[in-house]
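Subject: Handing over the structure

Hi,

Here is the structure I said I would pass on. Have a look at it, and then read on for what turned up.

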Amino acid sequence: MERRVAQRSSRKRRKERQRSRPTSTPPKAAKAAPPTGDSDADRMARGYARGRKKDEEARAALVPLAPGERPRAVQVAFWVALLAGLANVVALLVDFDSAKGPQNGFTVLGSGLMFVMAWGLWHMRYWAVLGMEALLGLTILIACAALITAVNVAALIFTLVIIAAGGTLFWFLIKSMARIQMPKPPGAR
């Protein structure tokens, strides 16, 4: 018991000595002072200038779409939208869900939305690609939430495949959107 008390008191004395020693390094606040003439506004302006330069280089590297050209990502999105709309119609016709009433209306509305989106994707409409990306984003989020409730390995693999496929299509649609949004060359309709 006495030994413990002696150890505590010696630890206290060491700590007091360490606190009382003058430190040779200046405080951190003094080190972090910015050099004169370089304000936060100047650094921010240089950062924005670098960002604008990168944006201009990325826009210059984009190749406009040729007449009738459809990027592969937009073609895949078209088929996904078309097949999702057809799957909803088939599920409605074979009475996949036994619940009647408002759910049938939502199924018809969802199918119609997917068919309109497929038409817009086929005709290279910006709003259709943007809508597809929104649906893919929601699908990825729902699949991530479904990972929590995966009860077996098959469910886990299925949700991971949905996340990977949806994420990949989402990623490639971004560049396609930039090419669709590019201004038309002079004289083009």
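To start you off: is Glu-69 buried, partly exposed or exposed? With a relative accessible area of 29%, Glu-69 is partly exposed. The areas themselves come from the Shrake-Rupley method with a 1.4 Å probe, and for residues only the protein chains shown count as cover.

Some housekeeping before the rest. This is a predicted model, where local features need pLDDT of at least 70 and side-chain atom pairs count only at pLDDT 80 or more, while totals for chains, interfaces and linings use all residues. Residues are numbered from 1 along each chain as its sequence is written, and side-chain values use heavy atoms, with hydrogens and water left out.

The overall picture

The protein chain has 7 helices and 0 strands, so to read those counts you need the rule: helices (H or I, at least four residues) and strands (E, at least two) are DSSP runs, numbered from the N terminus. Written out from the N terminus, the elements go α-α-α-α-α-α-α. The chain has 189 residues, and 17% of them count as buried.

Salt bridges

Side chains of opposite charge can pair when their charged atoms come close. The rule used here asks for a side-chain nitrogen of Lys or Arg within 4 Å of a carboxyl oxygen of Asp or Glu, and the count comes to 2 salt bridges.

Glu-69 is in one of them: its partner is Arg-179, with the closest N and O atoms 3.3 Å apart. Arg-179 lies in helix H7 and Glu-69 in the loop between H3 and H4, so this pair ties together parts that are 110 residues apart in sequence. Arg-179 counts as buried, at 17% relative accessibility. Leaving aside neighbours within four places in sequence, Arg-179 is in contact with Leu-62, Val-63, Pro-64, Leu-65 and Glu-69.

Another salt bridge joins the side chains of Arg-43 and Asp-40, at 2.5 Å from N to O. Both residues lie in helix H3 (residues 40-61), 3 residues apart, which is about one turn of the helix. Asp-40 counts as exposed at 56% relative accessibility, and Arg-43 is partly exposed at 37%.

A nonpolar patch

Which residues make the nonpolar surface patch? They are Trp-79, Leu-83, Leu-86, Val-89, Val-90, Leu-93, Val-94 and Phe-115, and the patch covers about 780 Å². Patches are made of residues with over 30% relative accessible area and no salt bridge; like charges are joined within 9 Å, and nonpolar side chains (Val, Leu, Ile, Met, Phe, Trp, Tyr) within 5 Å. Helix H4 (residues 72-93) gives the largest share of the patch, 6 residues. Val-89 is in H4 and is partly exposed, with a relative accessible area of 31%.

A pocket

The second largest pocket holds about 270 Å³ of space. On a 1 Å grid over the protein atoms alone, a pocket is an open set of points where a 1.4 Å probe fits, with protein on both sides within 12 Å along at least five of seven lines; lining residues have an atom within 4 Å of a point. Grid points are joined across faces, edges and corners, and the volume is the space filled by probe spheres set on the points. The lining includes Val-76, Leu-136, Phe-158 and Leu-169. H4, helix H6 (126-146) and helix H7 (153-181) each supply at least two lining residues, and the largest share, 5 residues, comes from H7.

Two single residues

Ala-164 is in helix H7 and is partly exposed at 45% relative accessibility. Ala-164 and Ile-140 are 24 residues apart in sequence and 8.5 Å apart in space, C-alpha to C-alpha.

Met-124 sits in the loop between helix H5 (102-122) and H6. Its phi is near 60 degrees, a positive value in a residue other than glycine. At 16% relative accessibility, Met-124 counts as buried.

Over to you!

Key
Buried means under 20% relative accessible area, exposed over 50%, partly exposed in between (1.4 Å probe, protein chains only). Contact means heavy atoms within 4.5 Å.
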